[in-house]
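Open the structure in your viewer and keep the sequence panel beside it. The stops below say what to select next and what is there.

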Amino acid sequence: MNRQKAGAETLPKPVIPQAAHGKRMAWRLEFDAARMRSPWWTPVLSVLLALLLCAGFIAVNGMNPWTVYAKMWNGAFGTSYGITETLVKAIPLLLCGLGIAVAYRISVWNIGAEGQLTAGAIAATAVTVYFPDLPAIWSILLMLVLGIAAGAFWGLLTAIPRTYFGVNELITSLMLNYVALLALDYVVIGPWKDPKGFNMPGSPMFAASQSLPTLGGTRLHIGLLFALAAVLIYYLMIRFTRWGYELRMIGANPVAARYNGIPITRHILLVMLISGGLAGLAGMAEVSGVSHKLMQGFSPGYGYTAIIVAWLAKLNPLGLIVSAVLFGGLIVGGYSVQTIGLPSSVSEMLQGAILFFLIAGDMIARFRVRRGAA
């Protein structure tokens, strides 16, 4: 009997839940800063909530939201002309959005796509001003090279202070936008001003040899092929190359990437060169394929809208195409609602609402509900 009692005393004590000691178990909300990716359905929900929110504002102004949205849809996708115009608007959005996505792969915030696009447009126009007699093939090729190079250089102006002096790229890329826009004002009002332009600021009209070929007799130009080719190359590079693997690793854990010998400084410089070059290509395509001259306001903020395009796509190549077409449709649809008495800025209201819900969704996704002792 004593032997059994002694053996019983040596048995391990059972683990008793804390709640049995009088502590109450409760659900609590915790913020997880390491959780960077939001669920796949966040962009879809953000668009739906933005439509719902803006419908309230439209209704307050005495308009039927369904009528307004139907008008926007028909204007952007209801006719062949609307579809081609939507694709024309989607070209710079896709190129700039792709550039922003490449940079954000390693958590570099490039919000200077507007300035890089403008730099590319200025450099491309320089070919038409200083080399007006070049054959078509050489003229277009030189415009492509200089447009990409100028955008890449403008992106490098952001990357160098970030890598060597620790300057936040948000500040430098944003400020460089205004520098590029002031440079645009200088050339179109000053040395490149068209003497036959009725005193309007702008360069002379491009010749046919200096304009991108169009597709199917519409305003849609081969810049669309450039954009789709860039997306395909981006997908192949990210998925099947060592460079793409290193970008994914830096984006997931920069500390681990550095300990594994991955040169983060070199990658930041490279992605900003690529990011700026893609935006510069967008600028070249816009002046050579759409406006056919350099002028103030040739870009209605494509570089800024591309930030939402990249964020909505979650860096996914196919998502970038869908997102660019969606926002191109919003711009064209905004013009359509002017015929029923609404300003085109309704599309900007929708863009802002989508961005608001995207940011909110990403923040909410970082919170987790866990059960533990109160």
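**Whole chain**

Start with everything selected: among contacts (heavy atoms within 4.5 Å) in the protein chain with a separation of 6 or more, 77% join residues 24 or more positions apart. This is a predicted model, in which local features need pLDDT of at least 70 and side-chain atom pairs count only at pLDDT 80 or more, while totals for chains, interfaces and linings use all residues. Residues are numbered from 1 along each chain as its sequence is written, and side-chain values use heavy atoms, with hydrogens and water left out.

Colour by secondary structure to see 14 helices and two strands; these are DSSP runs numbered from the N terminus, helices being H or I of at least four residues and strands E of at least two. Of the 374 residues, 47% count as buried (under 20% relative accessible area; exposed is over 50% and partly exposed in between, with a 1.4 Å probe and protein chains only).

**Aromatic rings**

Next, show Phe, Tyr and Trp side chains. Rings pair if their centres lie within 6.5 Å, using the six-membered ring of Trp; planes under 30 degrees apart count as stacked, over 60 as edge-to-face and the rest as tilted. By this rule there are seven aromatic pairs. One of them is Trp73 with Phe77, a tilted pair at 4.7 Å centre to centre with 40° between the planes. Both residues lie in helix 3 (residues 65–77), four residues apart, about one turn of the helix. Trp73 counts as exposed because its relative accessibility is 55%, whereas Phe77, at 27%, is partly exposed.

Move to Phe356 and Phe357, an edge-to-face pair with centres 5.2 Å apart and 75° between the planes. Phe356 is exposed, at 52% relative accessible area, but Phe357 is buried, at 17%.

Then select Tyr104, Trp109 and Trp311, which form one aromatic cluster.

**Two helices side by side**

Finally, select helix 13 (residues 317–336) and helix 14 (residues 346–365), whose axes come within 7 Å and cross at roughly 150°. Axes are lines fitted to C-alpha atoms, for helices over the stretch in contact, with angles from 0 to 180 degrees between N-to-C directions. Helix 13 is therefore roughly antiparallel to helix 14 (angles over 145 degrees count as such; under 35 is roughly parallel, 65 to 115 roughly perpendicular and the rest oblique). Show the side chains where they meet: Phe327, Leu330, Ile331 and Gly334 from helix 13, and Val346, Ser347, Leu350, Gln351 and Ile354 from helix 14.
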